[in-house]
Amino acid sequence: MPTTILGIGSYTFPLAIQTKNANHSMSLNQLLAKAYDYEIHTIQIADNHPLHLMSKEELISLRQQATDLGIDLEVGTRRLEEKHMLNYLKIAEHLNSKFLRVVIDDVNYEPSKKAIIDILQKLVPSLEKSGIVLAIENHDRFRSSDYAEIIESTGSDWIGICLDTANSLGAGEGINEVLDSLARYCINLHIKDITVARVPSNMGFNVRGCPAGEGIINIPDVLRRVQNNGKLVSITLEVWSEDDGTEELKIDRENRWANKSIKYLKKLIDTYDYE
């Protein structure tokens, strides 16, 4: 498969998406234009740009612009709650998204593992009817083995994983543990490279983002372990750039890191045979 498997998204440029500074902010139209310029054909719009707050007319316009540019849209949200997910499933259908990515937790919302499984089982008929797979993103609260248990407990092929290469650090796990448990369920891969360095006192570590290929994540090995699992739909670049300095400096750094990462990943992904 060519580099169409590689996508960008609202977390490729999180500072630009979230800033209230009009001179540096990035709209979804501008994100689409970025993808077109990069010759990338997939964009993932996640919870940092909530699609449910857009009007029907705005969603229709977004879908049309993406179609005109030959770009596929992927829908993401957070808060695994039945009513919210059914709403987002309609949005995903409207935007022709092949899967719906979700982070389980939200502010003041951390359901138990049993509650999560109950919600997922209720969602399965709607997922089957729509033909859209649910991709649960590994995040801080649960270990990767918990996510595997949740997926297996549903007994459904309509539920899988959005595998993020850095998030599970918050649960005390490295990428190898995550891959061991979750590679076989991976529908969407979030590539996010990081560096880990001791603080000057030697008592503690700083974990920071960096351009893809310049950190500790063995990206070629990650690709090798998820390729040909029969489920992988796309790979999304995410960037943790430094949130320091002036607004202009931060946005410029974010753009430079995204540019370097895309060049690296395009070259790397072309060496793999996705069938």
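Start by selecting V199, which you'll find in the loop between β8 and β9. (Helices here are DSSP runs of H or I with at least four residues, strands are runs of E with at least two, and both are numbered from the N terminus.) Before you go on, know that this is a predicted model, where local features need pLDDT of at least 70, side-chain atom pairs count only at pLDDT 80 or more, and totals for chains, interfaces and linings use all residues. Residues are numbered from 1 along each chain as its sequence is written, and side-chain values use heavy atoms, with hydrogens and water left out.

**Stop 1: the hairpin**

Is V199 buried or exposed? Its relative accessibility is 18%, so V199 counts as buried. (Buried means under 20% relative accessible area, exposed over 50%, and partly exposed in between, using a 1.4 Å probe and protein chains only.) Leave aside the neighbours within four places in sequence, and V199 is in contact with G204, F205 and N206; contact means heavy atoms within 4.5 Å.

Next, colour residues 194-198 (β8) and 205-209 (β9), antiparallel strands joined by five bridges. Strands pair if DSSP finds at least two bridges between them. Look for R198, standing opposite F205 in β9. The two strands form a hairpin with six residues between them, and N202 in the turn has a positive phi of about 70°.

**Stop 2: strand β2 and its partners**

Jump to β2, residues 42-45. T42 and Q44 point one way, I43 and I45 point the other way, and all are buried. Which strands run parallel to β2? One is β1 (residues 6-9), joined to β2 by two bridges, with G9 opposite Q44. Another is β3 (residues 72-78), joined to β2 by four bridges; there, I45 stands opposite V75.

**Stop 3: a buried serine**

Click on S97, in the loop between α4 (82-94) and β4 (99-103). With 4% relative accessibility, S97 counts as buried. Not counting residues up to four places away in sequence, S97 touches L73, E74, V75, A92 and I132.

**Stop 4: helix α5**

Now show residues 113-130, the 18 residues of α5. From first C-alpha to last, α5 reaches 25 Å, close to the 26 Å expected at 1.5 Å a residue. (The expected span is 1.5 Å times one less than the number of residues.) Where does α5 kink? Look at L123, shortly before the proline P125, for a kink of about 35°; the bend is the angle between axes fitted to the seven residues ending there and the seven starting there.

Select the buried residues of α5: I116, I117, I119, L120, L123, V124, L127 and S130. Their cover includes α4, β5 (133-137), α6 (144-154) and β6 (159-164). Following α5 comes G131, with a positive phi near 75°.

**Stop 5: rings**

Find the one aromatic pair in the structure. The ring centres of F142 and Y147 are 5.9 Å apart and the planes are at 80°, so this pair is edge-to-face. (Phe, Tyr and Trp rings, the six-membered one for Trp, pair with centres within 6.5 Å; planes under 30 degrees apart are stacked, over 60 edge-to-face, the rest tilted.) Both F142 and Y147 are buried.

Finally, select R79 and Y109: the charged end of R79 sits over the ring of Y109, 4.3 Å from its centre. For that label, NZ of Lys or CZ of Arg must be within 6 Å of the ring centre and within 35 degrees of the ring normal.

Definitions and conventions
The expected span of a helix is 1.5 Å times one less than its number of residues.
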